[in-house]
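Dear colleague,

Please read them with the model open beside you.

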Amino acid sequence: WSGMGVILVLAIRDREHRNMVDRAVEKRTWMAAQRTGANLYRSGLLAPIDGGKAMLPGILSRVVLTSALDGLGGEFCLVRHSHTGEYSLLLSCQPQGASLADDDVEDSYVASWAGLMESLASETGVTQLAVTVDTAPDSGVRFRRTLSKRIVEDAPELAARAMAQIMDLYATGGASSSVILTLTFRYVDVRDGKFLEPEDAARRIGQLVPNLIRRIADAGGGTARTLTIDEISRMVRVSYDPATQDTLEQADGQPWIEWEDAGPVACEAGWDHYRHDSGVSRTWEMCDPPKSNVTSSTLARLLGPLSDCDRKRVTVVFHVLPPDKTAFMAEQNRQRAANQVSQEKRATVRSMSQIGKANRQAVETNQGAVMVFFGMLVTVTVSRGEQESQRLEAASRAVEQAAGGAKIDLRPCYGAQDTGFAASLPLGLNVRSYTPAGPLGRLLS
């Protein structure tokens, strides 16, 4: 009976695919981190760390930036993950959107995106592709600055007054969105099995940049460009300290931010939230993908600005299988679906649908398609202050309702809010390559 009880405990799983052992390990790991103070972080001049720097905490503590040259001689920045030996390339995109596009244009975007995936599957060293859509309130500083440059001194009084009213009406209350595509690479020297040095890795990645920019444009991503060290440092700084966005945009000359000062001064990881400088965040992970067909408008509401969210970041992570593994797995899926139908006395609609999908998958892989695994992380941030808990709960309901409309099952990253927040940043962090220290790390290894 004891053996049956153990099997029953391990077999029964909740809607998040976890059994009682998984939940117990998760809770005990969190309680151990809380007792040792591992969920707290302090930096800066008043912190017990030499140097007075505001470095990134936790899983991002060994991430550094390095400069390199692409295939056309242009300078770009690589994110180096010292703990995994990986490098990440960040590309800022300007998606054209599909609101005014015809059906044939949308189909060409989808086909070009599939072509990008197939090219990455055949490229040696690619471990991950991530697309991050970040929405935040627009301060209006850049809008006012752009319009101010177009006002001449001898403009008619009516025109000048109209421009001033336009700046007052439309400069605030809007939302700005940024889309960043992040590619993560891992190169190993075949002679000694060691990871390549930054110079060698940068030379390989730099040769891919022109072709990547062209393929992103074909997929509707607009004119993509690589991010500089200052832009990446500024983006991370604002993510951890949202209150600095207006200050940085209003400053003349765009002050330089060192990577060593891009982290938070103080942060505290809670069970279901994450406090960092001037913000409070909550991060969800996707449990199950949509069961129905995914169209161009499925994620529109989740990716767009939400009224109750100060800041929102959606990161979709893709892992592309090589062509040889894709064909083998497609055949396995086809055989598994066929066996499921043969074991049923009366085949259900679901099992017949599965075998139909498996057959189509096998046909498409034989025609050159690749298999892609994907996941999703969603982070919402509200400003610290009065009623921050109520505002965080309101923002959480807005995110969960938007995800429910897309038929995506999200669950909060309980006990790992700091790691979820870091993984959702467009820095190319590959959580499959990272094994944390402590009891959870020993369990995963």
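Which residues of helix 6 are buried? They are Pro198, Ala201, Ala202, Ile205, Gly206, Leu208, Val209, Leu212 and Ile216, where buried means under 20% relative accessible area, exposed means over 50%, and partly exposed lies in between (1.4 Å probe, protein chains only).

Before going further, a word on the basis of these notes: this is a predicted model, in which local features need pLDDT of at least 70 and side-chain atom pairs count only at pLDDT 80 or more, while totals for chains, interfaces and linings use all residues. Residues are numbered from 1 along each chain as its sequence is written, and side-chain values use heavy atoms, with hydrogens and water left out.

Overall content

The protein chain has 14 helices and 13 strands, both taken as DSSP runs numbered from the N terminus (helices H or I, at least four residues; strands E, at least two). Of its 445 residues, 41% count as buried. Among contacts (heavy atoms within 4.5 Å) between residues at least 6 apart in sequence, 76% join residues at least 24 apart.

After the helix comes Gly220, whose phi is positive, near 90 degrees. The buried residues of helix 6 are covered by elements that include strand 2, strand 3, strand 4, helix 3 (103-122), strand 6 (175-186) and strand 7 (225-226).

Strand 2 (residues 63-69) pairs with strand 3 in the antiparallel sense over seven bridges, pairing being assigned if DSSP finds at least two bridges between two strands, and Phe76 in strand 3 is the bridge partner of Ala68. Strand 3 (residues 75-81) is itself mostly covered, since five of its seven residues are buried. Strand 3 also runs antiparallel to strand 4 (residues 86-93), to which four bridges join it, with Glu86 in strand 4 as the bridge partner of His81. In the hairpin of strand 3 and strand 4, which has four residues between the strands, Gly85 takes a positive phi near 75 degrees.

Nonpolar cores

A nonpolar core here is a set of buried Ala, Val, Leu, Ile, Met, Phe, Trp, Tyr and Cys residues joined through side-chain atoms within 4.5 Å. The largest has 51 residues, and those with the most contacts inside it are Leu89, Leu181, Leu212, Met376, Val378, Val399 and Leu410. Helix 6 gives the most to this core, with seven residues. Apart from this core lies another, of 28 residues, among them Tyr41, Tyr240, Ala422 and Leu429. Leaving aside residues up to four places away in sequence, the contacts of Leu89 include Phe76, Leu181, Ile205, Val209 and Leu212.

Salt bridges

A search of the whole structure finds 13 salt bridges, each a side-chain nitrogen of Lys or Arg within 4 Å of a carboxyl oxygen of Asp or Glu. Arg214 and Asp218 form one of them, at 3.6 Å from N to O, and both lie in helix 6 (residues 198-218), four residues apart, about one turn of the helix. Both are partly exposed, Arg214 with a relative accessible area of 44% and Asp218 at 37%.

Arg234 and Asp230 are likewise four residues apart, in helix 7 (residues 229-240), and their closest N and O atoms are 2.9 Å apart in a salt bridge. Here Arg234 is buried, with a relative accessible area of 14%, and Asp230 is buried at 14%.

The salt bridge of Arg391 and Asp310 (3.9 Å, N to O) links distant parts of the chain, 81 residues apart: Arg391 is in helix 12 (residues 388-405), and Asp310 is in the loop between helix 9 (300-303) and strand 11 (311-320). Arg391 is partly exposed at 26% relative accessibility, as is Asp310 at 31%. Finally, salt bridges that share partners join Asp272, Arg282 and Glu393 into one network.

With best regards
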